[in-house]
Amino acid sequence: YVGESGRSRANNVAAFFRATFDAWKDYKRTGEQSVYVGYSPIIVVDADKILSEIPGAHFLHVVRNPWSAYADTKKRPLPLALRHYMTGWTLNQYFALYFQSKFPDRLHIVRAEDVMADSYATLGSVLGKLGLEPAESLRKPTWNGTELEEVYPWGTLRKVTPADNKATAEELSPTERDEIRAYTWQYLDVFDYRSFV
């Protein structure tokens with residue numbers, strides 16, 4: 001695909017997504033697909049490049065409260081130290097907010113907690129800004145059209161409910177919770193996390 005389009009960051013990204021979906025043999029296609037979605041939280045630090053070089057692109061940043069996010073990352077085979085993780089978490093939020101101010105109609109931020117509580121309304125609101133209709137599949141976690149009872153093995157999450165999310169945050173010790181609050185203080189009000197734990 002890059003051979004056809006020529007090499008550039010925008011063409012390389014488009015080729016990556018096109019090739020991914022073309023190579024996916026059991027993908028349930030309707031023939032009406034027109035949007036590609038990728039996932040990597042740290043890519044928000046380069047959102048300006050994506051939005052500048054791909055004029056029709058939109059960027060969706062999903063922020064999760066820092067306590068649950070860190071508690072889940074501690075369960076990974078090679079967990080990050082709290083300070084290291086919080087440096088990345090705060091950096092992501094800084095760039096998400098900064099680039100949203102530069103591209104207010106194209107960089108969208110939602111809280112994971114709002115998606116967990118009502119994914120159809122939360123994501124439907126973003127889709128409306130893109131001129132797209134929300135699909136019924138937004139009402140529950142699915143993979144390739146099939147409802148998932150658990151979302152594992154994507155990360156360490158198994159259930160994506162507000163109660164499970166809160167319980168995950170509460171797995172941390174009081175010292176860890178306080179330390180996270182100290183690292184992330186400047187974003188707690190912005191994202192309405194001040195009283196999460």
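Is Asp192 buried or exposed? Asp192 is exposed, with a relative accessible area of 59%. The legends below describe close-up views of a predicted model.

**View 1. Asp192 in the segment after helix α9.** Asp192 is found in the segment that follows α9, a helix covering residues 174-188. The phi angle of Asp192 is positive, about 60°, although Asp192 is not a glycine. Asp192 counts as exposed because its relative accessible area of 59% lies over the 50% cut-off.

**View 2. Helix α7 and what covers its buried residues.** Helix α7 spans residues 119-129, and its buried residues are Ser119, Thr122, Leu123, Gly124 and Val126. An α-helix has 3.6 residues a turn, so residues three or four places apart point the same way. Just after α7 comes Gly131, with a positive phi of about 80°.

**View 3. The salt bridge between Glu4 and Arg18.** The whole structure holds ten salt bridges. One of them joins Glu4 to Arg18, with 3.9 Å between the closest N and O atoms. Glu4 belongs to helix α1 (residues 2-5) and Arg18 to helix α2 (residues 9-23), so this pair links distant parts of the chain, 14 residues apart. Glu4 is exposed at 63% relative accessibility, whereas Arg18 is partly exposed at 37%.

**View 4. The salt bridge between Arg9 and Glu53.** Here the closest N and O atoms of Arg9 and Glu53 are 2.6 Å apart. Arg9 is partly exposed, with a relative accessible area of 49%. Glu53 is also partly exposed, and its value is 33%.

View 5. Lys75 and Asp72 form a salt bridge in which the closest N and O atoms are 3.2 Å apart. Lys75 is partly exposed, at 42% relative accessibility. Asp72 counts as buried because its relative accessible area of 5% is under the 20% cut-off. Lys75 and Asp72 belong to one network with Arg64 and Glu171, joined by salt bridges that share partners.

Definitions and conventions. Residues are numbered from 1 along each chain as its sequence is written. This is a predicted model: local features need pLDDT of at least 70, side-chain atom pairs count only at pLDDT 80 or more; totals for chains, interfaces and linings use all residues. Side-chain values use heavy atoms; hydrogens and water are left out. Helices (H or I, at least four residues) and strands (E, at least two) are DSSP runs, numbered from the N terminus. Buried means under 20% relative accessible area, exposed over 50%, partly exposed in between (1.4 Å probe, protein chains only). A salt bridge is a side-chain nitrogen of Lys or Arg within 4 Å of a carboxyl oxygen of Asp or Glu.
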